[in-house]
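This briefing covers one protein model, topic by topic. Please keep the sequence and the 3D view open while reading.

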Amino acid sequence: MKIFVISDIHGSVSAFEEACAAFCKEQAEIMLICGDFLNHGPRNPIPQGYNPPALAQKLNGLKSKIACVKGNCDGEVDQMLIDFSVLDPTCQLFLPCFGQNTRLAQNAGGADFVPNGRIFVHHGHRFTNQQAAELTDDGTIIVSGHTHVPVLEAQNKRIYVNPGSITLPKAKSAPGYATIECVKDAESYKISVCLKNIAGEIIKALSF
């Protein structure tokens, strides 16, 4: 199973089209969107390709593959255009290869992270890393957006992932995305988490 993670689209249909091309190339099953769908936000410039109605149509065309959370720029007026819920502040995903009989491959990521198969998602404006950790168990992958800066790090027996923004990247980062993949390797399972630029080139990766 592969999950494709993006965030902070902010109304740019052209940026989302690039993300869709990367999604297809990755052959992922789920597109996880960490909020800020249609509105450019009062602190941001109007991005290239800004067309919220056209973006809503493209999002609706992929609704069977999308999981998501609400961003600080999302509201009821946005929900009027989108055919799936964008107002939930958090969501959780579960990697299907985990169960009572799961045996992990040797931990190649170092640190003290042992994955439990759970992914906790929030936008990033409601919870700090510490608060998100308090809401989750050891071994959880915590995914957020909001900062427009990509992050991939192991800390507090958890993995923190932020794909950055596909539209308005900050801190000299480039538009990009993350992937979370769980595959069976011989008689065990392996999880890999990657940050990539929009061309699909790996920026950083962890595997367990």
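Leu87 has a relative accessible area of 29% and is therefore partly exposed; that class lies between buried, under 20% relative accessible area, and exposed, over 50%, computed with a 1.4 Å probe on protein chains only. The model is predicted, so local features need pLDDT of at least 70 and side-chain atom pairs count only at pLDDT 80 or more, while totals for chains, interfaces and linings use all residues. Residues are numbered from 1 along each chain as its sequence is written, and side-chain values use heavy atoms, with hydrogens and water left out.

**Confidence**

- The average pLDDT of the protein is 92, and 93% of the residues score at least 70; pLDDT is the predictor's confidence in each residue, from 0 to 100.
- Residues 105-110 have a pLDDT below 50, and in the model this stretch has twelve contacts beyond near neighbours in sequence; contact means heavy atoms within 4.5 Å.

**Surroundings of Leu87**

- Leu87 sits in the loop between helix H3 (76-79) and S4; helices (H or I, at least four residues) and strands (E, at least two) are DSSP runs, numbered from the N terminus.
- Leaving aside neighbours within four places in sequence, Leu87 is in contact with Lys70, Gly75, Glu76 and Gln79.
- From C-alpha to C-alpha, Leu87 and Lys196 are 27 Å apart in space, and they are 109 residues apart in sequence.

- Strand S1 (residues 2-6) and strand S2 (residues 30-33) run parallel and are joined by four bridges; Phe4 stands opposite Met31 in S2.
- S10 and S11 pair in the antiparallel sense over five bridges, and Leu206 in S11 is the bridge partner of Val193.
- The hairpin of S10 and S11 has four residues between the strands, and in this hairpin Gly200 takes a positive phi near 95 degrees.

**Five-stranded sheet**

- A second open sheet, also with mixed pairing, has five strands in the order S4-S5-S6-S8-S7.
- S4 and strand S7 (150-155) are the edge strands, each pairing on one side only.
- The twist from one strand to the next averages 15 degrees.
- S7 and S8 are antiparallel and pair over six bridges; Pro150 stands opposite Pro163 in S8.

**Nonpolar cores**

- The largest nonpolar core has 28 residues, of which Ile3, Leu32, Ile119, Ile141 and Val143 touch the most other members; a nonpolar core is a set of buried Ala, Val, Leu, Ile, Met, Phe, Trp, Tyr and Cys residues joined through side-chain atoms within 4.5 Å.
- At least two residues of this core come from each of S1, S2, strand S4 (90-94), strand S5 (118-122), S6, strand S8 (158-163), S9 and S10.
- S10 gives the most to this core, with four residues.
- Another core, of 26 residues, lies apart from the largest one and includes Ala15, Phe16, Ala22 and Val86.
- Ile3 is in contact with residues including Leu32, Leu93, Ile119 and Ile180, with neighbours within four places in sequence left aside.

- Ser12, in the loop between S1 and H1, has a relative accessible area of 1% and so counts as buried.
- The Ser12 side chain reaches the backbone nitrogen of Ala15 at 3.1 Å and the backbone oxygen of Gln48 at 2.7 Å.
- Thr140 is in the loop between helix H4 (129-134) and strand S6 (141-143) and is buried because its relative accessibility is 0%.
- The side chains of Thr140 and Asn116 are joined by a polar contact of 3.3 Å; a polar contact is a pair of N or O atoms within 3.5 Å, and within protein one must be able to donate a hydrogen and the other to accept it, with residues adjacent in sequence counting only if both atoms are side-chain atoms.
- A polar atom of the Thr140 side chain lies 2.7 Å from the backbone oxygen of Asp137.

Methods
Two strands pair if DSSP finds at least two bridges between them. Axes are lines fitted to C-alpha atoms, for helices over the stretch in contact, and angles run from 0 to 180 degrees between N-to-C directions.
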